[in-house]
Amino acid sequence: MVADERDEIRSRINIVDLVGKTVLLKKAGKSWKGLCPFHADKNPSFTVDPTLGTYRCWSCGEHGDIFSWVMKTRHLEFVEALRFLADMAGVTLNSRGPSVSKSDKARWAAAMQDALSFYREQLLKSENALGYCQRRGLTNEALSEWEIGYAPDVSDALANQLKRKGHSLAECRELYLVEEDTVGGYYDRFRGRLMFPIRNENNDLIAFGGRLLGDGHPKYINSSDTPLYKKSRVLYGMNRAKDAMAKEKRAVLVEGYLDVIACHASGVKCAVASLGTALAEDHAKLLKRWCEQVIILYDSDAAGQKAADRAVEILRNEGLRTRIALMPEGEDPDTLLRTAGPSAVQHAVETGLRPTEYKVRKLLATSTPDQDVFWTQAVEILADASNEMEMDRYVVELAALYPGSTDPIASQNALRREIMKFKRRRRTAHADEAVPRPATPMLSRELHASELAIFRGLLEPGVRQLAWNVCGEGDLFVSELGGQTAAAIRAAFPSGPPSEKPSVWVPAIEPEHVREAFSLAQHDLRFEGITVRLVEDAVMRLRRIQKTRELQQIKKQPQDNERLKDFLNKLKERHQNHNPDAS
């Protein structure tokens, strides 16, 4: 994928038409206005600028171009948004990686669908499988809704069916449907198992998971990674949960297929599960696209608690708020639904604990204050509290438990000191790994009006060449953002000013914050009808500001009288050259 492809897409798609499919827009001067879709907007604060190819909410701050619009409104990653817009614009992408043709995808999808149909038919023929479903509380409605099937305990039943349907078994092997034996034949990957089809958030059938009906090992078999499926990037139930997640701004994370189905049956429609693997960073990134908070509803056993601790760290690193729901001893969402009903599952979700409270409760349940390990763990737990108020709450609670303590305030202060010492040691240990934070960009209001005039000139074909030339004088600009914007223009177009319309090149300017200059210049009424003369006047004003600043610097150094005298003579000569009639 190259920048030219993005530019071609921008040139073919009108951002007003794109955004207008979701937001009711009305013309307002050069822009279009409407209610912001990113927050509860009551007064139109959302604008779309077709000249710049950008949108902005002046209330909540959301902004971007056609690519960020599709990413945010459709919850897609950039590459997915690129493909979506390329299809809309009729642009062929030149992928740098191995390409997958539409015919390949169509064959794979057909093979997967035929496998699903086979499994669904076999379920209806198996009294054993249907009996198991009934015992597990899977109603006919649930079996239909979740497309659950059955793989018969026959070595090549699916392989023969796929062959009759005209599918290449070698290709089906790549999809993890069949496996090749030592003599060149093929047998079924899944046998004697209840089958759960796995769909991605776009509802594409990409994999299967199979569970034994009785005891045995392994209890579950899940598809390995295939051309369609990467397990670290897919969450079971996402296709059904995403709308509820987007609406509620939260997700419920459980451990298995039946737990997801039980949660949805209980009215918890935002439940999903990772598939045969621990929660991964890519899972957290996927959740981040749809929600702001994740409630972890894992089993209450030691393995479930350990997995919950790990999930909290991964989700927190992605900026997601977390809560941990404590299941009753020996229960999971599936068994809880069958033994106590939907309200019990809902209650477990709604009473989830913050990570610090969860860890403190676990500490109190597994250790006692007369043990040194209790206080070591207490200090580490409280050092990770999300804020000072949360930390202080548990400092007061735990300090009161210190053996032999008669002064609660002294105990609290001592515990706080230990927490601070731990934090300092941790900071020191990680000092070498620290990455310097980038400087905060200069606020847009600090741009000088004359700089805005130059950037406004870049938006007009008749003035663009002069404005581009001026951008090459880096020391002319008097604000940090002005200098950054000028440098970004010359870096993006080193051979001459851009020839495309601004809606193509403005959204592509990097870094992102310099685009603010063009938005301000475009909407500043002082620069309506910008001309070459106005830009020249702006340049003259900036040069005067520059010389005034230089003179002030020299005056601060009275010992350098020769430099001051030379500077004043040059100013006098320049004035006479520009005004030949002056006497």
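A cavity is a set of grid points where a 1.4 Å probe fits but cannot get out. In this predicted model, the count by this rule comes to one cavity of 30 Å³ or more. About 80 Å³ of space lies in the largest cavity. The residues that line the largest cavity are Glu145, Trp146, Glu147, Pro197, Ile198, Arg199, Tyr236, Gly237, Asn239 and Arg240. Two elements give two or more residues each to this lining, namely strand S9 (193-199) and helix H10 (238-248). Strand S9 gives the most, with three residues. By residue class, the lining of the largest cavity divides into four nonpolar, two polar and four charged residues.

The space in the second largest pocket comes to about 650 Å³. Its lining is made up of 17 residues, and those closest to the centre of the pocket are Phe38, Lys72, His75, Lys249 and Arg289. Helix H3 (residues 66-74) supplies the largest share of this lining, four residues. In the lining of the second largest pocket, seven residues are nonpolar, four are polar and six are charged.

The packing of helices was described for two pairs. Two packed helices are described by the angle between their axes and the distance between the axes. For helix H17 (residues 372-383) and helix H19 (residues 408-429), the angle is about 70° and the axes are 9 Å apart. Angles of 65 to 115 degrees count as roughly perpendicular, and H17 and H19 are therefore roughly perpendicular to each other. The crossing of H17 and H19 is right-handed. On the H17 side, the contact is made by Trp375, Val379, Glu380, Leu382 and Ala383. On the H19 side, the contact is made by Leu415, Glu418, Ile419, Phe422, Lys423 and Arg426. The residues of the contact between H17 and H19 comprise seven nonpolar and four charged residues, with no polar ones.

The second pair consists of helix H21 (residues 461-471) and helix H22 (residues 480-492), whose axes come within 9 Å and cross at roughly 110°. This angle makes H21 roughly perpendicular to H22. The crossing of H21 and H22 is left-handed. In the contact, Trp468, Asn469 and Cys471 of H21 meet Ala486, Ile489 and Arg490 of H22. Of the residues in the contact of H21 with H22, four are nonpolar, one is polar and one is charged.

Two features of the backbone were also noted. Most residues other than glycine have a negative phi, and most peptide bonds are trans. Asparagine 203, a residue other than glycine, has a positive phi, near 75°. Asparagine 203 is found in the loop between S9 and S10. The peptide bond from histidine 217 to proline 218 is cis, and its omega is near -5°. Proline 218 has its place in the loop between strand S10 (205-212) and strand S11 (220-222).

Conventions:
Residues numbered from 1 in each chain as written. Predicted model: local features only at pLDDT ≥ 70, side-chain atom pairs only at ≥ 80, totals over all residues. Heavy atoms only, no water. Axes fitted to C-alpha atoms, helices over the stretch in contact; angles between N-to-C directions. Parallel < 35°, antiparallel > 145°, perpendicular 65-115°, else oblique. Left-handed = near helix turned anticlockwise from the far one by under 90°. Contact = heavy atoms within 4.5 Å. Nonpolar A, V, L, I, M, F, W, Y, C, P; charged D, E, K, R; others polar. 1 Å grid on protein atoms, 1.4 Å probe; cavity = no way out; pocket = protein on both sides within 12 Å on 5 of 7 lines; lining within 4 Å. Points joined across faces, edges and corners; volume = space filled by probe spheres on them.
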